[in-house]
Amino acid sequence: MSHCKIQSMENDRAVITLHGVPYAEFDRTGHWSIWTIAKTLEAARLIPFYYGFLHFHEIQDDCYGLVVRKQVLRLNPKLHQTTCMFSKLMLKVDLQFLSLGKTSYSFAARLKDADTGELLAENFLKFVRINKKTRRAAEFPSFFQEKYGRIDGNEKVPFLDERNGSSDPPLDAYIYNVRVHRSDTDQNSHVNQSTYVKYCMDCATEAAMNKYYKNFDSDMCMYTTTKWEMDYIGESGAGDLLDVVTWQSNDDARIISFSIQLNKREIFRATSAFELHKQISPVKRYRNAKL
């Protein structure tokens with residue numbers, strides 16, 4: 001994460017700059033993958049957290065921790081259609097505390113082109129403080145409630161308090177099996193939030209190439225995705241066998257839903273939106289322009 005730099009950090013806001021997009025963040029089609037965009041935004045918020053933003057070390061310890069319960073990611077199509085390994089981007093991430101509950105708070109990260117100010121992605125998250133032993137929600141310390149309760153109400157995001165609105169999987173849903181590898185887990189020894197997105201994209205590609213979806217018939221990394229809504233319901237770890245279930249909306253062909261299940265119990269739910277037309281690799285577009 002050496003390409004990240006803290007530009008400013010206040011009580012409820014921070015600004016991070018990122019120097020370009022690392023080569024490793026591009027998928028097999030040459031596009032900036034959705035799972036590494038999610039991972040980049042995660043890195044951008046963790047850096048100020050570890051330097052004390054939002055009293056990160058004071059509300060977490062050996063007994064208590066923070067987990068993501070819900071995440072909404074809105075994406076500018078430009079990220080998929082024109083960003084490639086040759087793009088000379090200077091990126092900025094604006095981080096903002098939004099609202100506080102007794103055991104949770106909401107938070108936003110906005111990815112922008114640092115030179116033009118163009119908004120490239122918005123990431124809204126709901127964090128819950130938990131007791132690590134009981135895995136149940138735990139109230140924030142009184143100092144945290146007093147401090148951030150006073151600045152509560154900057155921006156209301158009621159959708160973070162709502163359960164994913166997609167219907168349950170139909171009987172003919174497509175099922176893709178995944179065995180969790182140790183490399184899929186993070187420092188908390190469970191599958192990282194961005195890895196679930198990768199599982200969903202692998203599942204979607206298998207479904208599309210097996211002609212399960214209407215309108216999508218090849219690698220789903222070729223299609224522009226503009227929104228993801230994700231609920232983190234449970235956990236999984238190395239060695240677990242997961243069923244990744246997908247289905248397409250009957251009302252809007254662009255909407256693809258996912259349910260990830262461990263031992264028939266849902267641990268993750270997501271709804272995504274894709275544009276219906278494939279995009280050529282931005283690397284090919286760049287090379288053709290050079291020619």
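A pocket is here an open set of grid points, on a 1 Å grid over the protein atoms alone, with protein on both sides within 12 Å along at least five of seven lines, and its lining residues are those with an atom within 4 Å of a point. In this predicted model, the largest pocket is lined by 40 residues, and those nearest its centre are Glu 42, Asp 186, Gln 187, Asn 188 and His 190. The volume of the largest pocket is about 980 Å³. Its lining draws at least two residues from each of H1, E3, E6 and H5, and the greatest contribution to the lining of the largest pocket, 9 residues, comes from H1. Sorted by class, the lining of the largest pocket comprises 19 nonpolar, 12 polar and 9 charged residues.

The second largest pocket holds about 340 Å³ of space. Its lining is made up of 15 residues, with Tyr 212, Trp 247, Gln 248, Ser 249 and Asn 250 lying nearest the centre of the second largest pocket. Two or more residues of the lining of the second largest pocket are given by each of the elements E9 and E10, and the classes represented in that lining are 6 nonpolar, 6 polar and 3 charged residues.

The strands are arranged in an open sheet of 11 members, which follow one another in the order E1-E2-E4-E5-E6-E3-E8-E11-E10-E9-E7 with antiparallel pairing. Strand E1 (4-9) and strand E7 (174-179) form the edges of the sheet, each of them pairing on one side only. From one strand to the next, the twist averages 25°. In general, the strands of a sheet pair through backbone hydrogen bonds, in either a parallel or an antiparallel manner.

At the edge formed by E1, the antiparallel pairing of E1 with E2 extends over 5 bridges, and Lys 5 is placed opposite Thr 17 in E2.

Helix H5, for its part, lies across E3, E7, E8, strand E9 (241-248), strand E10 (255-262) and E11, and runs at about 135° to E7.

The two helices also pack against each other: helix H1 (residues 34-50) and helix H5 (residues 193-209) meet at an angle of about 175°, and their axes are 8 Å apart. Because of this angle, H1 is roughly antiparallel to H5, the cut-off for that description being an angle over 145 degrees. On the side of H1 the contact is made by Ile 34, Trp 35, Ala 38, Lys 39, Glu 42 and Arg 45, and on the side of H5 by Gln 193, Ser 194, Val 197, Lys 198 and Met 201. By class, 5 nonpolar, 2 polar and 4 charged residues take part in the contact of H1 with H5.

Technical notes:
Residues are numbered from 1 along each chain as its sequence is written. This is a predicted model: local features need pLDDT of at least 70, side-chain atom pairs count only at pLDDT 80 or more; totals for chains, interfaces and linings use all residues. Side-chain values use heavy atoms; hydrogens and water are left out. Axes are lines fitted to C-alpha atoms, for helices over the stretch in contact, and angles run from 0 to 180 degrees between N-to-C directions. Helices (H or I, at least four residues) and strands (E, at least two) are DSSP runs, numbered from the N terminus. Angles under 35 degrees count as roughly parallel, over 145 as roughly antiparallel, 65 to 115 as roughly perpendicular and the rest as oblique. Contact means heavy atoms within 4.5 Å. Ala, Val, Leu, Ile, Met, Phe, Trp, Tyr, Cys and Pro count as nonpolar, Asp, Glu, Lys and Arg as charged, and the others, Gly among them, as polar. Two strands pair if DSSP finds at least two bridges between them. On a 1 Å grid over the protein atoms alone, a cavity is a set of points where a 1.4 Å probe fits but cannot get out, and a pocket is an open set with protein on both sides within 12 Å along at least five of seven lines; lining residues have an atom within 4 Å of a point. Grid points are joined across faces, edges and corners, and a volume is the space filled by probe spheres set on the points.
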